[in-house]
Each structure stands twice: as C-alpha cells, then as structure tokens.
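Good morning, everyone, and thank you for making the time. Please have a look at the structure on the screen before I start talking through it.

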Amino acid sequence: MNKNFKRVKQSKGIVEYKHSKNDLSILLLENDNSPLATFMITYHVGSRNEGIGYTGSTHLLEHLMFKGSKKFNKKNNNAIWDVLQNAGALLNATTWFDRTNYFELVPSEHLEKAVEIEADRMRNAFIKEEDKNSEMTVVTNEFERGENDPLESLDKNIWSTAYQAHPYHHSTIGWRTDIENVSINRLKSFYDTFYWPNNATVTVIGDFDTKKILKLIDKYFGKIKKSPHEIPIMYTQEPVQEGPRRFQIKRSGELPIIGIAHKTPNGLDNDTYGLYILDRILSYGKSSRFYKKFIDSGKAVDISISYYPLLDNGLFTTYLFAPKNSNLEVFENEILDEYESIKKNGVSQEELNRVKSQIFSQTNYSRDGSYSVASNLNEAIAIGDWTFYTTFLDKINKINKEEIQKIANKYLFQDNSTTGFFTPKKT
C-alpha cells in the first residue's frame, strides 16, 4: 500500500484512508459490476459557513469552479466540461447547508482525468470578475424561480423564521442582494479559506484497483499542501426556542399552503432514526396516516413531510396544499391532532413493521449504482460521519414503537414549532 496513506477504518466494504501529508480523506469501495466509476469530492463547506453580505457564496463558487482552472480552460482548448464529456462522463456539482460536492461518473479508463481535474481546481480554479458577472445572472434566475414557487417561498421563510442565530436561517442560494453585490475578492477569500485537502473527502466507487487509485490520488492531490491556517469552525448555536412562531405570506399563487415545522436534533443523534420512521408513518404512501386522513377523504390536494438529517439541528416539517379559499387553521388543527394522537397513544407494531420494510426496500433501491452510493455517502459525510450510511439500516431496525412515542413527545410540542401560511393574493 502507498506509504503516503494511512488506513483509518472500514465499514461494510468501504475503506477510509487519510493522506499523511495534507490530511485529505479518501473513501474507496471497489465494485466491478460495470466498467464505470464515480469520483466525487465533498468539501466540508456550505451555506452554513456563510455570513451577512456573502450568503450564497458557496453556490456561486460552485458555478465559477466550472469556468476553468490553471490546467483546464478554454484558452488551452481543454475546458473542464469538454474534456469530461468527450470522455463519456456525466458530471455536475451540488451545494447545500453543510457541504458542496463535485462529481464525475466516468468509464473506468478515464478515471485519471477526473482525479486530475478535481485536484487542479481545488487550488487553481479561476475565480474571475467576468465569470462572476455572467454566472451571477444565472444564479439570479435560479433565485427568481424559487421566489415564484409558492412551496419554495414558504419553505425559505419557515427556515428563516425558525432560526434566528444559526446560519440555517438563510437558504443555500442566498439573499438576492448578496448574490448581486458580493465582490470577487470576497469570493476568492471564501475559496482560499475552505477549499483545501484537509477540508475535503474524496470518494471513489466502482470499477477500479485500490492500489492504482491511491497512486493517482497521491500523484495529483499529494502535491497540494494542507491549508496554512486552521479551517474556521462555525460555532454559532441556535438558542432554545421559547414559544411558537407564526407568519403569513400573501402573494400570487393558486392554492393555500400551510407548513408546520418543529426543530430536531443534529443528524448523528440517535433520535434521527425514530424521526425518519415517524416521517414515513405519517406521510409515506397510501397507507400513511396523513394520506388516509387528508387525501383519501378529499380534504386536501397534497400533503408531505420534509425531514433531512443535518450537521446541526434540523426541521421536521409538514406541508399541506389545501383547496382554494380554505381556512388553513382548520388543517393546522387536524395535523396537530394527529401528532397528539401519536404522543398519547403511540403507533402500532403493524405500522412500524410496514414502514421499516418500506425503508429497507427504498434504501436498497437508492444504493444501486456507483453514483447512488457516492451520493448517499456525500450526505453522510456532510452530517459528520460517513458510517451513518453503512449503519443506517441496522440503526433503523433497532427502533421500537415505544421510542417513536417518546420522540414525538420530545420534539412535536408547541413551543418548538414554527408555522407558516401561504395565502394566494386575490387579484
């Protein structure tokens, strides 16, 4: 094995290494079922690491880092998109609260090119004024689409109302005036603060040889030094909420919507698994409680729950689309009544067994293919421990119905809530 790497741990066939010189983390899972491999780099930076005046910087940098780097650019006739697409690759990037990831799904013989490109733009990306100006327009258009979507607008306002101190207060895309006015120097400073090997995890899944890929990673990433500074820690914690929060949005739209959110613990807390099950009991499929209560009966147009584990505490949010001219407070009371029923009476063993089977099937289906595995690992990396991915089903299996009832009582109470109403404006 390459002497520049130390083996850290292994779980369910995935092996973690760390580069001894620059602390780059590497996750490897060999699978030769098809001649493809996914190369993904996850930076431990997201909108959570932004502040007033430069919200949306991580997302804007995501766009800029495709505009070229020292080795790969239009002037050299080897722009990043062109090189990878000519090799038959699928590539893209995503940004969220706790992480940014760049990835390539490539035929195995072209894996080296993906490694070389990601290493080059880690520290040599062009962050240029002219590129910022053009991409800012693209991002502004994305922002506008979100503003014109009633559910996205309500969701953004729920997060900004539920969080006062913590930067989950602002959405990943940022506030409009920050997108339009952030300086190129501020973006460069952000890039130079967070985009280093000791703040990143490389994941390689698929058809490759471990010795060869470690040699390639060492060849291209090994020459990059670790950051000359400590990576800043985001230490702000959201204060305990001391009462329910409510707001109303009035703008053009077709249907009224209500969103009821309750704060949840960080993703690595053991209660995450019970909340994941509770989400499914209430809202997943035609056998769920909310479907029977609101959709089968014809009372509501649609209902769903949004719950994702995050690095810090998150939100468990029910969204209901009501018929035109409905009184949303009636639906609010009916949703809360269902919460109270679970808090008082718990859930049945039949419900728990059904949902566990659904989770097992859905999870296994979502892990089919090298990109799917890498993508799921990416989210586990973001919340602080990649083994969340490998141990997830084992932890789900251990949850009993008594724990579901305790968790409902622990989090679904009034003073922990934020309720938002979207009311279509009468024209």
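This is a predicted model: local features need pLDDT of at least 70, side-chain atom pairs count only at pLDDT 80 or more; totals for chains, interfaces and linings use all residues.

Residues are numbered from 1 along each chain as its sequence is written, and side-chain values use heavy atoms, with hydrogens and water left out.

Let me begin with the helices, where helices (H or I, at least four residues) and strands (E, at least two) are DSSP runs numbered from the N terminus. Helix α3, residues 111-124, and helix α8, residues 210-221, have axes that come within 9 Å and cross at roughly 30 degrees; the axes here are lines fitted to C-alpha atoms, for helices over the stretch in contact, and angles run from 0 to 180 degrees between N-to-C directions. That makes α3 roughly parallel to α8, on a scale where angles under 35 degrees count as roughly parallel, over 145 as roughly antiparallel, 65 to 115 as roughly perpendicular and the rest as oblique. The crossing of α3 and α8 is right-handed, a term used if the near helix is turned clockwise from the far one by less than a right angle, with anticlockwise being left-handed.

Which residues of α3 and α8 make the contact? On the α3 side they are L111, E112, V115, E116, E118, A119 and M122, and on the α8 side I213, L216, I217, K219, Y220 and F221, contact meaning heavy atoms within 4.5 Å. Sorted by class, the contact of α3 with α8 has nine nonpolar, no polar and four charged residues, where Ala, Val, Leu, Ile, Met, Phe, Trp, Tyr, Cys and Pro count as nonpolar, Asp, Glu, Lys and Arg as charged, and the others, Gly among them, as polar.

Now to the salt bridges. A search of the whole structure finds 27 of them, each being a side-chain nitrogen of Lys or Arg within 4 Å of a carboxyl oxygen of Asp or Glu. One of these joins the side chains of D385 and K9, with 3.7 Å from N to O, and it links distant parts of the chain, given that D385 sits in the loop between α13 (370-382) and α14 (387-398) and K9 in strand β1 (residues 5-11), 376 residues apart. D385 counts as partly exposed at 24% relative accessibility, as does K9 at 35%; buried means under 20% relative accessible area, exposed over 50%, and partly exposed in between, with a 1.4 Å probe and protein chains only.

A second pair is R289 and E351, whose closest N and O atoms are 2.8 Å apart. This pair, too, links distant parts of the chain, with R289 in helix α10 (residues 289-295) and E351 in helix α12 (residues 349-366), 62 residues apart. R289 and E351 are both buried, and salt bridges that share partners join R289, K293, E338 and E351 into one network. R280 and D279 also form a salt bridge, at 2.9 Å between the closest N and O atoms, and both of these residues are buried.

Leaving aside neighbours within four places in sequence, Y307 is in contact with T264, T272, L275, Y276, D279, L315 and F316.

S283 lies in helix α9 (residues 271-283) and, at 18% relative accessibility, counts as buried. Not counting residues up to four places away in sequence, S283 touches S288, F290, S304 and I305.

Finally, the backbone. Most residues other than glycine have a negative phi. N77, however, has a positive phi of about 60 degrees; N77 is placed in the loop between α1 (57-64) and α2 (80-86) and counts as exposed at 73% relative accessibility. N325 has a positive phi of about 65 degrees, is found in the loop between β11 (315-321) and α11 (328-345), and counts as exposed at 72%.
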